[in-house]
Amino acid sequence: MALQGVIDRLKKTTLEEIGVSFSLADILRDMKIEGDNVYLKLFSPSDKYHDFLRKKAEEVLKSIGAQQVEIEFTNEPPKATAPQTPPPPQAQQNPFENKRKIPKVKKVVAVASGKGGVGKSTVAVNLAAALKKMGYEVGYLDADMYGPSGPTMLGAKDKQVLAREDGKLIPPESHGIKMMSIGLLLPSEDTPVIWRGPVLFKALSQFLFDIDWAEDELDFLIIDLPPGTGDVQITLGQTAEIDGAVIVTTPQDVALIDVKKGIQMFNEVMIPVLGIVENMSYFICPETDKKYEIFGKSRTEEVAKQYNIDLLGKIPIEPKVAEFGDLGIPIVLAKEDTASSKAFIEIAENMIRKLSG
Ligand code: ADP
């Protein structure tokens, strides 16, 4: 089989069905042709699409006379060095080179967590509020497509999103923070969000690139990611320029295992991890002022050191954080004299330092 024929065919095989705009040639990492047998190595960050890609590649190669088709997948980010078998020009394209800048935003920070319920949204919203309090222009993008809590926590459940004639979305404002969430676009709070690949990619792409955040420019956009290391995180990492990620955890060991996965994922999509935030670190008894480490001794510092990452700060458990969260007012704006508000301000300062350092 002729190399050029195979390459041409791979170039023509688009992958629209899974909502991406590239072809099989764009994800080709290595190829060997021996007689009528073809070996391909394809880049795919999620094994969810392996069956689809394998079937597609086998189909097109067999249609041009291949006898045996062997396919292997890799989720390794591309290396700077050239592969041994020179792939076609498009295959050499680094998928991460196609990252686009989110319009009208100076600095973009993603807030992530290994698992749900650790307070990721609480931290994201309060970081946005802390930055606003410091005088910055701030946006908050709730990209937790499966469980958006941004509208509740920012008291914005009844806010309207406007769409301009050119298709750009105008974000509403709450507490002076521009915000967008899938929760604002759903007909009712109880609507289950069942995203299939292509629809999710489309919605996310619109959230990243089609929001008119400001007349001029936002200083910071805080993106509240879904928990874990799934499609949203990977797509975001591959398509948008993100200046850094903050990983939220609680002190338990089980949460820390997921932190390690999160760090690895951000390394793979080449987003610098600005640091870890430990939430629910300790409880201060309001009556006695005594400090209780109710989850036991924290090992977060150890993990941070192991990965050479900063611990940006620790936030105590304070009932007021949840109370004001439910009321739709970030604690940083509602009660500035609390230990958690002070911690959030300190974390925001440390984050700015990391971003400018
Ligand atoms: P996640 O986004 O990780 O799922 P949330 O931010 O929704 O977590 O927080 C889960 C619950 O814990 C919410 O009810 C929130 O108000 C509460 N919570 C988060 N952080 C604290 C804290 N430091 N003190 C008290 N309650 C908190």
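1. A salt bridge is a side-chain nitrogen of Lys or Arg within 4 Å of a carboxyl oxygen of Asp or Glu. In this predicted model, Arg 164 and Asp 166 meet in such a salt bridge through their side chains, at 2.7 Å from N to O. With a relative accessibility of 35%, Arg 164 counts as partly exposed; buried means under 20% relative accessible area, exposed means over 50%, and partly exposed lies in between (1.4 Å probe, protein chains only).

2. The conventions are as follows. The model is predicted, so local features need pLDDT of at least 70 and side-chain atom pairs count only at pLDDT 80 or more, while totals for chains, interfaces and linings use all residues. Residues are numbered from 1 along each chain as its sequence is written, and side-chain values use heavy atoms, with hydrogens and water left out.

3. A search of the whole structure finds 15 salt bridges. One of them joins Lys 120 to Asp 144, with the closest N and O atoms 3.5 Å apart. Lys 120 belongs to helix α3 (residues 120-133) and Asp 144 to the loop between β5 (138-142) and α4 (150-153), so this pair ties together parts that are 24 residues apart in sequence. Helices (H or I, at least four residues) and strands (E, at least two) are DSSP runs, numbered from the N terminus. Lys 120 and Asp 144 are both buried.

4. Another salt bridge links Glu 278 with Lys 314, where the closest N and O atoms are 3.9 Å apart. Because Glu 278 lies in strand β12 (residues 273-278) and Lys 314 in strand β15 (residues 311-314), the pair ties together parts that are 36 residues apart in sequence. Glu 278 is buried, at a relative accessible area of 1%, whereas Lys 314 is partly exposed, at 27% relative accessibility. Elsewhere, salt bridges that share partners join Lys 104, Arg 164, Asp 166 and Asp 212 into one network.

5. How do helices α5 and α6 cross? The axes of α5 (residues 197-209) and α6 (residues 231-239) come within 11 Å and cross at roughly 50 degrees. Axes are lines fitted to C-alpha atoms, for helices over the stretch in contact, and angles run from 0 to 180 degrees between N-to-C directions. The two helices, α5 and α6, are therefore oblique to each other; angles under 35 degrees count as roughly parallel, over 145 as roughly antiparallel, 65 to 115 as roughly perpendicular and the rest as oblique. The crossing of α5 and α6 is right-handed, that is, the near helix is turned clockwise from the far one by less than a right angle (anticlockwise for left-handed).

6. The contact between these helices (heavy atoms within 4.5 Å) is made by Leu 200, Phe 201, Leu 204, Leu 208 and Phe 209 of α5 with Asp 231, Val 232, Thr 235, Leu 236 and Thr 239 of α6. By class, the α5 and α6 contact has 7 nonpolar, 2 polar and 1 charged residues. Here Ala, Val, Leu, Ile, Met, Phe, Trp, Tyr, Cys and Pro count as nonpolar, Asp, Glu, Lys and Arg as charged, and the others, Gly among them, as polar.

7. Helix α6 is mostly covered, with 8 of its 9 residues buried. The buried residues of α6 pack against β2 (37-43), β4 (105-113), α5, β10 and α7 (253-268). Gly 228 is found in the loop between β10 (218-224) and α6, and is buried at a relative accessible area of 19%. Leaving aside neighbours within four places in sequence, Gly 228 is in contact with Ser 113, Gly 114, Lys 115 and Gln 233.

8. The crossing of α1 and α2 is right-handed. In this pair, Val 6, Arg 9 and Leu 10 of α1 meet Val 60, Leu 61 and Ser 63 of α2. The residues of this contact divide into 4 nonpolar, 1 polar and 1 charged.

9. Two further residues complete the note. Thr 74, in strand β3 (residues 68-74), counts as buried at 11% relative accessibility. Arg 196, in the loop between β9 (177-181) and α5, is exposed, with a relative accessible area of 58%.
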